[in-house]
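Visitor: Hi, I have just opened this one and could use a hand. Could you walk me through it?

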Amino acid sequence: MAQITKSTMIGELLQIDENVAPILLNIGMHCLGCPSSQMETIEEAAMVHGIDADGLVAQINEFLSQSGK
């Protein structure tokens with residue numbers, strides 16, 4: 001099972017499981033297709049969007065564990 005951290009790049013996260021995109025879209029990260037967002041860490045993206053990075057990482061890791069990735 002994949003585990004991500006705050007230093008995981010958005011592009012890398014989407015390669016691990018593209019089905020995580022709705023989680024990011026639902027919290028306002030609508031720029032997933034932008035080239036610059038692909039090279040942003042989860043922590044950087046969370047900071048820009050005013051989101052708790054630790055909570056986001058926990059939510060994504062929970063999703064990944066349930067999806068078997």
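Visitor: Let's start with T41: which residues is T41 in contact with, leaving aside its neighbours within four places in sequence?

Guide: Once neighbours within four places in sequence are left aside, T41 is in contact with K6, S7, T8, M9 and I10, where contact means heavy atoms within 4.5 Å. This is a predicted model, in which local features need pLDDT of at least 70 and side-chain atom pairs count only at pLDDT 80 or more, while totals for chains, interfaces and linings use all residues. Residues are numbered from 1 along each chain as its sequence is written, and side-chain values use heavy atoms, with hydrogens and water left out.

Visitor: Where does T41 lie, and does it count as buried or exposed?

Guide: T41 lies in the loop between α3 and α4, and T41 counts as buried because its relative accessibility is 13%. Buried means under 20% relative accessible area, exposed means over 50%, and partly exposed is in between, with a 1.4 Å probe and protein chains only.

Visitor: OK, and what does the secondary structure of the chain come to?

Guide: The chain has five helices and zero strands, so that reading along the sequence gives the pattern α-α-α-α-α. Helices (H or I, at least four residues) and strands (E, at least two) are DSSP runs, numbered from the N terminus.

Visitor: What is in helix α3, say at P35?

Guide: Helix α3 covers residues 35-38, and P35 lies in it; at 69% relative accessibility, P35 counts as exposed. P35 and G11 are 24 residues apart in sequence, and their C-alpha atoms are 8.9 Å apart in space.

Visitor: Switching to the inside, which residues touch the most other members of the largest nonpolar core?

Guide: That core has 18 residues, and L24, I42, L56 and I60 touch the most other members. A nonpolar core is a set of buried Ala, Val, Leu, Ile, Met, Phe, Trp, Tyr and Cys residues joined through side-chain atoms within 4.5 Å. The elements giving two or more residues to this core are α1 (10-16), α2 (21-26), α4 (42-48) and α5 (53-67), and α5 gives the most, with five residues.

Visitor: Tell me about L24, then: what is it in contact with beyond its neighbours within four places in sequence?

Guide: L24 is found in helix α2 and is buried, with a relative accessible area of 1%. Beyond those neighbours, L24 is in contact with L13, L14, M29, L32, L56 and I60. L24 and I60 are 36 residues apart along the chain, with their C-alpha atoms separated by 9.1 Å.

Visitor: And N61, where is its place?

Guide: N61 has its place in helix α5 and counts as buried, at 11% relative accessibility. Not counting residues up to four places away in sequence, N61 touches A2, Q3 and I4.

Visitor: Last topic: how many cavities of 30 Å³ or more does a search of the whole structure find?

Guide: The search finds one, and about 40 Å³ of space lies in the largest cavity. A cavity is a set of points, on a 1 Å grid over the protein atoms alone, where a 1.4 Å probe fits but cannot get out, and lining residues have an atom within 4 Å of a point. Grid points are joined across faces, edges and corners, and a volume is the space filled by probe spheres set on the points.

Visitor: Which residues line the largest cavity?

Guide: The largest cavity is lined by I10, M29, C31, L32, S37, E40, A45 and H49.

How values were computed. On a 1 Å grid over the protein atoms alone, a cavity is a set of points where a 1.4 Å probe fits but cannot get out, and a pocket is an open set with protein on both sides within 12 Å along at least five of seven lines; lining residues have an atom within 4 Å of a point.
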